[in-house]
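Visitor: Hello! Could you walk me through this structure, one question at a time?

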Amino acid sequence: MYDVSRRQLMRAGLGFAGVSLIGGGANPARAEDQTLALYNGQHRPPVEALVAAFTAATGIAVVTRNGNSAQLASQLIEEGANSPADVFWSEESPSLAAIDEKGLLAPLEAETLKQIPATYAARTGTWIGAGARCRVVVYNKAMIELSALPKSVLDFAGEAWDGKVAFAPNSGAFQQQVVAVSLMKGRDAALAWLKGLRKYGEVYNSDSAAVEAVEGGDIAVALSNNYYWYALAKELGPDNMNSALYHMGNQDPGTLITVSGAGVLKSSKKSEAAQRFVAFMVSEAGQQAIVDAIAEYPLRPGVVSPFPMKPFDELDPAPVTPADLGDAADALALLREADLA
Amino acid sequence: MTRASGDPDGPSRRGAGGHPVSRLLLVLALIPTALIALPIVYVLLRSWGAGWEGILAELGRRRTLMLLGNTVTLCLSVTFASCLIGFAAAWCTERSDLAGRRIWRVLCCLPLAMPAFVASFAWKSLGPTFQGMPGAILILTMESFPLIFLPVAAALRSMDPGMEEVSRSLGKGPWRTFLRVTLPRTIPALGGGALLVAAHMLSEFGALALLRVQTFTTAIFQQYELQFDNASAAVLSALLMLLCLPVAFGEMWLRRGVRFSKVGRNTARRIAPARLGRAAPFVTLGFIAVAILALGVPFGRLLYWLLKGVSAGRGLEAIGPALYGSLSLALPGTLVTTVIALPLVLLVLRSRGMFARFADRLPYIVHGLPGLVVALALVYLSIRLLPSVYQTRVVLFAAYAILFLPLAQSAIRASAELVPREIEEVARTLGRSPFRAFVSVTLPSLAPGLGAALALVALELMRELTATLILAPTGVVTLATEVWSHTNDSAYAAAAPFAALLVLISGIPVYIFTLRTLKVAPDRALSQATP
């Protein structure tokens with residue numbers, strides 16, 4: 001009796017597996033012809049907001065594949081001409097530059113490129129910024145005085161800051177900062193800076209982990225993108241924050257403007273709809289949807305962010321544009337030489 | 001009756017009983033072997049792309065040495081500590097008169113339901129003390145010891161008590177009986193569990209990233225995040241596979257010549273439990289400490305985030321799709337993995353040949369690879385060779401099977417080693433076909449092992465992250481991927497319901513299959529045996 005029921009159980013299980021295998025084989029993204037496939041490496045709130053607005057405005061559905069920008073870029077390179085992706089929205093421009101270098105991106109429409117200042121798009125016209133953010137220093141108010149913070153991000157690589165500075169060599173934004181230092185101060189200065197940070201700083205896995213460590217009192221200072229602090233402030237309540245932002249200004253690489261952005265895949269079979277998506281991204285409605293959801297600066301003149309950020313024209317950032325920052329290969333070479341990667 | 005069959009070097013297509021191994025079994029065992037070969041080929045091809053100079057330069061770096069040191073330290077420490085705790089807990093709940101054994105048994109399995117990255121976040125939020133290597137060893141041991149506890153407890157339970165009784169009746173003390181009789185017969189289960197823990201440690205990523213411990217896996221992820229030509233990451237992956245070799249062959253050495261089987265089913269009578277006496281309060285305290293470390297802290301923290309935090313309730317509309325996504329990927333994936341593992345285990349038990357031994361070890365070598373590497377290998381190969389299955393469940397299930405075969409193998413083997421081949425041979429001499437003999441005689445005896453295999457694989461698949469992110473059909477989300485993306489955006493309260501549901505769902509198979517594996521019911525027999 002027991003044996004029989006057990007055997008039946010086994011048969012039922014195998015049957016279920018078979019049905020699941022056959023039934024699960026269909027791919028929803030391919031069945032629906034009008035649906036755009038968006039590979040998304042950017043944080044989800046702004047992307048979800050934009051997709052909702054785009055679908056409401058055009059009736060075109062978008063299926064999102066979420067991941068890490070660099071991983072998705074690796075995946076797009078592996079997929080090559082067979083990629084099912086139509087649009088790639090990256091958290092950082094180097095991932096876009098990398099797939100552009102492999103010839104995977106199609107040129108954007110001239111009308112789209114005209115919508116925002118040319119500084120925030122690829123020189124080749126294959127990708128365009130969706131929002132700008134800046135590198136900042138996050139500091140714990142109880143652990144350090146604002147006046148004790150240095151004038152340049154390069155100063156953090158010294159003994160005076162031993163064990164006090166968190167940084168994330170993995171983060172694309174940090175790599176961009178390395179490239180900026182290298183472009184502005186020379187390669188040797190960049191290498192010396194990295195070696196100093198390795199010696200005296202603390203390696204974190206991501207900018208957001210570093211910011212949380214500062215907020216939690218584990219460490220005094222973190223090099224980060226501005227919006228991680230705002231995300232945490234939204235989570236904990238702005239009045240409860242133990243940490244604050246410090247903008248260096250002075251055209252120092254400590255204040256560096258970078259962009260998240262998007263491009264259309266050359267292999268896309270729905271390139272018209274994909275071009276429409278990117279055009280919508282830089283339209284007034286699109287820009288508003290994005291900056292309402294994340295503390296990034298709008299790139300389209302006239303759009304206003306609801307976050308209490310330092311005004312964009314008061315940042316006095318490093319004189320380096322996102323297009324100058326390239327595909328991070330130089331940063332990687334430097335990080336490897338400094339034994340950080 | 002117990003039998004140890006030696007002769008590991010018998011002819012390849014012959015079982016020890018003289019019957020040739022069926023061709024069907026060989027063919028079926030080729031499927032997992034071919035699957036497992038895919039990532040190995042990919043890693044070697046990619047490493048080759050770096051060129052000899054590149055490979056040597058990578059190996060000679062000071063950083064590579066540092067990563068090697070960290071990886072080995074973590075792997076050995078967590079495996080050793082898990083073996084100690086897992087074995088002690090299994091012995092106390094199966095062989096002693098500890099109060100509340102039934103509850104401790106369940107509590108010792110529940111940490112399986114807590115994904116390591118969730119537990120690590122909880123600990124990390126208590127302060128920086130728990131970051132770094134010592135913290136990682138503590139947290140990962142608390143997460144891993146059930147992988148030792150479960151198979152050892154099952155082995156202790158299903159072991160024929162006759163030998164122990166004979167030993168005791170011959171005047172050997174409890175310690176000598178334990179060392180000479182009980183311990184050796186749990187070695188296959190202990191070894192299999194230790195292997196899984198070791199391989200897990202080699203491939204662990206999320207927890208280590210949170211706890212800021214750099215190993216080969218985090219370095220491989222970093223390479224993928226830093227650059228888009230993966231040769232250097234491939235060289236590190238190849239090194240990681242080399243590290244898995246001693247793990248795989250260590251197990252072979254461990255099980256050399258050890259094969260125990262009992263004849264007849266349901267012979268596992270109860271043995272009188274050992275009295276803990278004065279040690280009892282300390283043992284209980286130990287269990288309480290482990291429960292707090294492994295369960296109390298992570299669950300407490302999860303509850304904190306559920307109740308606190310402004311992002312609470314954000315993205316809740318995704319909870320239905322995420323739950324469906326988790327179940328619709330994990331359940332069939334589990335069955336596929338377990339079914340594929342079965343012929344591999346049977347082949348190894350019936351044939352001591354080269355191919356069998358090779359096929360048996362191969363999955364363990366890949367088990368130490370991060371999901372990312374396996375996923376990218378499948379992207380690379382499927383998009384070139386079989387573009388029509390790319391981003392369908394087929395490829396994802398293949399990845400799951402590649403990643404988690406050893407889990408199924410090890411669990412099934414624990415049961416299979418106790419099933420004597422003779423009974424199937426008896427059935428065949430009585431006129432049953434090989435298939436019917438297998439279904440009616442061997443398969444039911446394997447049920448506890450299959451149950452454990454299904455449980456362990458289902459748990460791993462529920463929490464699997466990187467391969468799912470890369471290979472799942474676009475638009476399919478799971479509880480684990482939702483937790484991951486919300487924590488990525490610092491929205492812990494938003495992540496909490498998904499994490500809680502993930503733990504809850506994982507708790508169901510842990511509970512059901514633990515009871516099934518251990519057949520907990522006959523506690524009455526135990527209490528009757530105690531005067």
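Here are some questions and answers about the structure shown above.

Visitor: How are residues, chains and ligands numbered or lettered, and what kind of model is this?
Guide: Residues are numbered from 1 along each chain as its sequence is written, while chains are lettered from A and ligands numbered from 1 in the order in which they are written. Side-chain values use heavy atoms, leaving out hydrogens and water; local features need pLDDT of at least 70, side-chain atom pairs count only at pLDDT 80 or more, and totals for chains, interfaces and linings use all residues, for this is a predicted model.

Visitor: How many helices and strands are there in chain A?
Guide: Helices (H or I, at least four residues) and strands (E, at least two) are DSSP runs, numbered from the N terminus. The C-alpha trace of chain A spans about 75 × 60 × 40 Å along its principal axes. Chain A has 13 helices and 10 strands.

Visitor: What percentage of the residues of chain A count as buried?
Guide: Buried means under 20% relative accessible area, exposed over 50%, and partly exposed in between (1.4 Å probe, protein chains only). Chain A has 341 residues, and the buried share is 60%.

Visitor: Is A:Thr112 buried or exposed?
Guide: A:Thr112 is found in helix 6 (residues 110-113) of chain A. Contact means heavy atoms within 4.5 Å, and beyond its neighbours within four places in sequence A:Thr112 is in contact with A:Ile128, A:Val278, A:Ala279 and A:Val282. Because its relative accessibility is 3%, A:Thr112 counts as buried.

Visitor: Which residue of chain A is in contact with B:Glu58?
Guide: B:Glu58 lies in helix 2 (residues 51-59) of chain B and is buried, with a relative accessible area of 5%. Leaving aside neighbours within four places in sequence, its contacts include B:Thr64, B:Ser232, B:Val235 and B:Leu236. The contact from chain A is A:Arg336.

Visitor: Which residues have the most contacts inside the largest nonpolar core?
Guide: A nonpolar core is a set of buried Ala, Val, Leu, Ile, Met, Phe, Trp, Tyr and Cys residues joined through side-chain atoms within 4.5 Å. The largest one has 233 residues, and its largest share, 16 residues, comes from helix 17 (residues 393-416) of chain B. The residues with the most contacts inside this core are A:Trp89, A:Phe277 and A:Met281.

Visitor: How many residues are in the other core, the one with A:Ala190 and A:Leu335?
Guide: This core lies apart from the largest one. A:Val153 and A:Val181 are also among its residues. The number of residues is 37.

Visitor: Is the crossing of helix 8 and helix 13 of chain A left-handed or right-handed?
Guide: Helix 8 (residues 187-200) and helix 13 (residues 329-337) of chain A pack at an angle of about 50°, with their axes 9 Å apart. Axes are lines fitted to C-alpha atoms, for helices over the stretch in contact, and angles run from 0 to 180 degrees between N-to-C directions. A crossing is left-handed if the near helix is turned anticlockwise from the far one by less than a right angle, and right-handed if clockwise. The crossing of helix 8 and helix 13 of chain A is right-handed.

Visitor: Which residues of helix 10 of chain A make the contact with helix 9 of chain A?
Guide: Helix 9 (residues 207-215) and helix 10 (residues 226-236) of chain A pack at an angle of about 55°, with their axes 9 Å apart. From helix 9 of chain A, the contact is made by A:Asp207, A:Ser208, A:Val211, A:Glu212 and A:Glu215. From helix 10 of chain A come A:Tyr228, A:Trp229, A:Leu232 and A:Leu236.
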